[in-house]
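Please read the points alongside the structure.

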Amino acid sequence: MPPRRREIGDLGVLHDKLLVKITEWCDAPTLRRLGEVSRVGYQLHANQQLWKTLCLMTLEGGGRVDGKIAAFQFKRNWKLTYCRPGRVKLRDVPNTTLSAEHLAEHYQFRKPRKAKYYAENVDVSAIPLAGRELPRVHVNDITPEEFFEKFDAPNKPVIISGVMEAWGWAPWSRKSLKKKYGDTVFKTNGCTDEGRTLRMRFKDYCDYCEQVWGVEEGKPMYIFDNKIQQRAATLLDDYSVPPYFTLDMFDFMSDEDRPDYRWLLIGPQGSGAPFHTDPHNTHAWNVVSEGRKRIAFYEPDRIPPGVDEELIHTEYYASTDTMEWYVDLYPTLKAHELPIEGIVEPGEMVFIPSGWWHQVLNVAPMTIAMTQNVCTKGNFNRVWQELQTRGPKSLAFRFQRDCARAGYKALFDACPPPVNPPSSSSSSSSSSSSSSSVSTDSDSDS
């Protein structure tokens, strides 16, 4: 009998990828039993992504105990975190845990080769930028008027260096934020079975980032919080809106009516977001305070390689995972298929124009950034046309009403009609946040 059939019986005829897919349907007791069957079974059950999913799916109340936020603490790996939850209650937690040492001795187990796109095995920042170079200019060399003429109105991306120092922004670092906001609870992109995003104290998240390095996890969790005003209002005192975006048409709307627009972004190496376009055809600016971001762009009329065209209007992320994209797809691209790309360094701002496809990957042990989506005069027509065709009707109504009250009715009168006017049966395909893929919470890294 072939060794593979001896290990897992009739399942041995299945391809590895299909076996891994099947394990995604297993609950914890089933995974534990699978790990006791054979070496192959142990390798399948030891997939940390499976245990991460179980942790998030079974976490009650988004990390709450008695209605209050609890301290979710990562413990070396996701399996151990699931089996020993501590203060945070998990459903269906097994009473005992597997002994890896016992299994290794009993089955003469040898650790399988790690997936080639795990963050711990790939330094994406070391992969040469083979694509078209993203333009870069120093903040002292471009005025707001020049920025509008060269980048805002023409709808072209750019990296602007020296912005934090020039604008007097207070630099954020892991150390400074942990000291001031260590007990502050922020929202991550992890999602529970109840549709709630996982919330963690910042000091616990820092511990997670330090421990997750070395864990076989292809998609590290990151903080993507759009409620800074409620959670850490004093953070807003450390920065001001860049002078290039002082006119934001959404500012005329009340905080209750306007779409989500401002996010604090914090993540370890390997975290980020695959190719997507920002909601409502807005522009976005993203300033890096600590760490580095690798960003890749494709023009609005070019669907990036790896994006499923059939899912573009139904899924916010219709693309291959970022790390996998760089390792598997990027090296195979021909010269004309390569993106426009660059590295955003600390103190720099990247401008993400309306409708441009972009993906972001954090390439430092921890990257901290602030981002906002805006509607300027430069992208007003694209935003208004998008709101009429795909945006919620109530949002389009309030946006037009409030901007007209502020004296900008002429912009609506001069805007060309949308190419595809909305029908009575059309429904919104975009949310008022940066992602509709997870409940109502955002999951994008602009």
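1. C403 is buried, at 0% relative accessibility (buried means under 20% relative accessible area, with a 1.4 Å probe and protein chains only). C403 takes part in no disulfide, and the nearest cysteine sulfur, in C375, is 6.9 Å away (a disulfide is a pair of cysteine sulfur atoms within 2.5 Å).

2. The model is predicted: local features need pLDDT of at least 70 and side-chain atom pairs pLDDT 80 or more, while totals for chains, interfaces and linings use all residues. Residues are numbered from 1 along each chain as its sequence is written, and side-chain values use heavy atoms, without hydrogens and water.

3. Across the whole structure, zero disulfides are found. The sulfur of C206 lies 6.3 Å from that of C209, its closest cysteine sulfur, which is too far for a bond. C206 is also buried, with a relative accessible area of 0%.

4. C206 belongs to the α11 side of a helix contact, where F202, K203, C206, D207 and E210 meet R174, L177, K178 and Y181 of α10 (contact means heavy atoms within 4.5 Å). Helices α10 (residues 174-181) and α11 (residues 202-212) pack at about 145°, their axes 9 Å apart (axes are lines fitted to C-alpha atoms over the stretch in contact, and angles run from 0 to 180 degrees between N-to-C directions).

5. An open, mixed sheet has five strands in the order β3-β13-β12-β15-β10 (strands pair if DSSP finds at least two bridges between them; strands are DSSP E runs of at least two residues, and helices H or I runs of at least four). β3 (132-133) and β10 (272-276) each have a single partner strand, so one side of each lacks a neighbour in the sheet.

Terms used:
Buried < 20%, exposed > 50% of the residue type's maximum accessible area, 1.4 Å probe, protein only.
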